[in-house]
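Hello,

Here is the structure we spoke of handing over. Please look through it first; my notes follow below.

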Amino acid sequence: MRNVDRGAPAALELFEPLFEPGTIAVVGASAKGQGPGNDYIRNLRSFGFQGPVYPIHPTADSIEGLAAYRTLADTPEPVDYAYVAIGSEMVPSVLEAAGGRVAFAQVMSSGFGEVEGGADLQQRLVDAAHRGGLRLLGPNCLGTHSPRGHITFIDRAPTELGSVGVVAQSGGLGVDLLRSSGRRGLHFSGLVTVGNSADIGPNDLIDFYLADADTRVIGLYLEEAKDGRRLFEQLRANAAAKPVVILKGGRTRQGQRAAASHTGALAGDDRAWDALAKQTGSVLVEDLEQFVDVLLALQTLHLHEHQPTEDVVLFGNGGGTSVLATDGLDRRGFALTTLEPDTVRTLEDLRLPPGTSVVNPIDAPAGSLAADEGRIAEAVLAAVLDRQRPGAIVMHLNLPVIVSNTDPTVDVPGNLVSAALRACAGHLDETHLILVLRSDGDPGIEERKRRYRGQAHDAGAPVFDTLTEAAQALASVRTVERFRRAVWPQA
Amino acid sequence: VSVERPPFAEARAERRTALDEHTAKKLVSGYGIAVPRSVVVRDETDARGACEGMTPPFVVKVVSADIIHKSDVGGVQIKLADADEVVAAIADIRTKVTSTTDRLEGFLLEEMVPAGHELVVGGVLDPQFGPMVMVGLGGIFVEVLGDVAFRICPITPRDAMEMLHELAAHKVLTGVRGGPVASEEAVVRTLLHVGGHDGILVDLQDEVAELDINPLIVTDTEAYAVDVRIVLTETPS
């Protein structure tokens with residue numbers, strides 16, 4: 001790894017109680033079993049949190065079967081993390097009562113700086129947190145997800161400890177990301193929603209993720225820079241050692257107004273964000289789908305900083321699909337690798353059925369892909385990799401077409417995926433393997449896809465739903481690779 | 001070269017919101033940016049004497065805190081061949097600007113720089129990201145097409161080169177259709193003097209709210225700041 005930030009150990013130490021809390025207090029659970037705090041306690045349990053949980057309540061003695069306490073100062077042990085979801089007016093006095101016994105309080109309540117006339121209350125909140133001797137997350141957010149600490153804020157959250165560290169200014173967007181985990185295979189080292197960032201801001205968490213050994217990729221959903229200067233300096237010093245993907249909300253004039261009422265974000269010069277990305281090797285994406293795609297690619301691939309990805313071999317079924325995919329790659333500046341005569345000869349020698357094209361794009365109808373029950377993919381890709389090192393191989397399979405047109409007793413697409421993974425296994429440091437598994441939404445097809453995806457991700461090949469998404473993500477991967485090659489000292 | 005501390009305090013004491021052109025040019029010159037040789041003269045007699053030690057052709061510009069867009073009010077004359085033409089130009093400018101200003105401070109007499117590409121280099125202070133530097137090609141490219149590149153300061157040589165290459169009109173600088181070639185190296189040097197780690201915008205961010213070099217005339221070897229405007233921050237820290 002490259003230059004480690006001098007503040008790194010401090011950030012790790014500061015945030016340990018947040019990402020791996022030993023004790024948790026919950027403000028906003030009721031004896032009747034209703035309230036956001038009750039849901040939170042249930043989610044903690046099902047997520048496997050083993051430490052003590054202290055409900056805080058002015059009158060109840062027991063909540064969710066747990067002994068309740070009057071204030072944050074009354075708990076048997078000091079609190080690492082307090083989850084606070086009560087009416088905004090009541091929050092400052094609750095925090096002030098902590099008496100230095102709470103490390104972090106995350107305030108979900110809204111009605112602070114993001115609403116007209118809420119700035120004063122937000123200031124009171126910050127002052128109260130200061131007097132209570134704690135660090136504040138939020139207000140106006142949804143929580144923290146940390147697999148290593150067994151804490152989360154939604155039901156059915158993904159428990160796997162991954163490598164993607166996220167800071168989200170929007171709580172709802174954080175939920176969307178967590179939900180995408182199951183469908184897309186994104187795995188998080190942490191996800192913190194920061195809302196209005198009245199005290200702890202994105203910059204502080206970026207320090208943590210940059211220093212954190214579990215985090216290899218950082219994703220930021222931001223509606224304002226907060227401390228833009230510090231952000232620039234942090235990301236510049238990082239120099240894409242940990243790739244950073246930024247989804248900036250409010251980049252248009254109307255979007256900016258929406259952001260102002262959402263998290264109280266201040267307007268800035270939008271052109272600064274493009275500059276920031278270019279100068280730091282960060283990837284600036286436009287929407288949530290692209291955010292997930294790029295994070296997934298960076299999570300799964302080994303980046304090629306010595307030889308950035310510039311050319312692609314396309315292999316799969318669907319003639320029109322191959323043509324459109326070629327257009328999509330060309331528009332993003334990728335070349336289709338020219339296959340050498342010997343490579344083409346080897347491919348011809350495989351004697352694939354008529355209708356198969358063995359120049360790049362290698363276009364093989366379902367019948368051809370079914371050769372050797374799908375294991376043909378290994379011979380095809382080996383023919384390429386024996387002589388050439390394209391930047392990437394994109395294998396696209398139209399699953400319903402293949403399933404409908406091949407022997408139903410044989411798992412042809414599964415064999416194709418396994419064969420491709422085998423063929424590329426020793427070459428991933430030079431040639432990325434990207435899979436595009438197209439589905440028609442049929443439950444049986446989706447179930448297969450889920451299986452293939454898990455297998456591919458474990459082997460270092462990310463799976464996308466469409467060729468456009470794959471091309472976009474690959475272009476972002478190239479952005480990071482090119483930046484590293486230009487800026488990192490060459491070994 | 002010793003950099004004279006810029007007279008911001010003086011400008012503020014005079015309640016100016018910007019440095020006058022001559023002072024601004026001296027400032028950027030102190031940071032290594034090429035500027036035309038110039039002198040401020042009070043009147044025709046003064047100008048005639050000053051022409052002695054200078055090389056024609058000359059340019060004469062009005063000096064007045066009231067006048068920002070000098071050419072719009074007839075306050076600039078170029079391609080003056082000798083002292084006689086300079087004297088005539090001064091008289092002419094004085095007549096033209098009397099309706100615009102009653103604070104005529106004098107005239108800037110300059111050696112005219114060689115012909116070249118006209119670029120614009122600017123700097124602004126972003127409320128979130130601090131100083132930012134900008135470059136574009138002059139005229140319609142900047143004004144109509146918005147073809148500009150921005151970076152956050154301090155920029156590196158690589159940033160500066162990328163800025164130039166990212167302009168849609170970049171090819172024009174390489175000499176298309178028999179046009180002249182601009183020295184990219186000279187532009188990069190200028191951008192670094194403006195926005196580099198020891199450049200003007202970083203060094204003087206407490207004082208400089210806005211910097212505008214327009215035009216920066218770029219020949220095949222050098223880039224000259226032909227007009228420089230420096231707007232002061234409202235309150236220096």
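How many residue pairs are in polar contact between chain B and chain A? The count is ten, with both residues at pLDDT 80 or more; a polar contact is a pair of N or O atoms within 3.5 Å, where within protein one must be able to donate a hydrogen and the other to accept it, and residues adjacent in sequence count only if both atoms are side-chain atoms. On the chain B side, β6 (130-137), β7 (148-152) and α6 (157-166) each supply at least two residues that touch chain A. Helices (H or I, at least four residues) and strands (E, at least two) are DSSP runs, numbered from the N terminus.

This is a predicted model, in which local features need pLDDT of at least 70 and side-chain atom pairs count only at pLDDT 80 or more, while totals for chains, interfaces and linings use all residues. Residues are numbered from 1 along each chain as its sequence is written, chains are lettered from A and ligands numbered from 1 in the order in which they are written, and side-chain values use heavy atoms, with hydrogens and water left out.

The interface

In chain B, 18 residues are in contact (heavy atoms within 4.5 Å) with 23 residues of chain A. About 1500 Å² is buried between the two chains, and carbon and sulfur atoms give 54% of that. Buried area is the accessible area (1.4 Å probe) that two parts lose on being put together, summed over both. Gln128(B), Phe129(B) and Arg158(B) lose the most area in chain B, together 44% of what that side buries.

The rule finds two salt bridges across the interface, a salt bridge being a side-chain nitrogen of Lys or Arg within 4 Å of a carboxyl oxygen of Asp or Glu. Glu166(B) and Lys278(A) meet in a salt bridge at 3.1 Å, N to O.

Within chain A

Just after the helix, Ala239(A) takes a positive phi of about 50°.

Gln169(A) lies in the loop between β9 (164-168) and α5 (171-184). Gln169(A) counts as buried because its relative accessibility is 1%. Its side chain reaches the backbone nitrogen of Glu223(A) at 2.4 Å.

Regards

Definitions and conventions. Buried means under 20% relative accessible area, exposed over 50%, partly exposed in between (1.4 Å probe, protein chains only).
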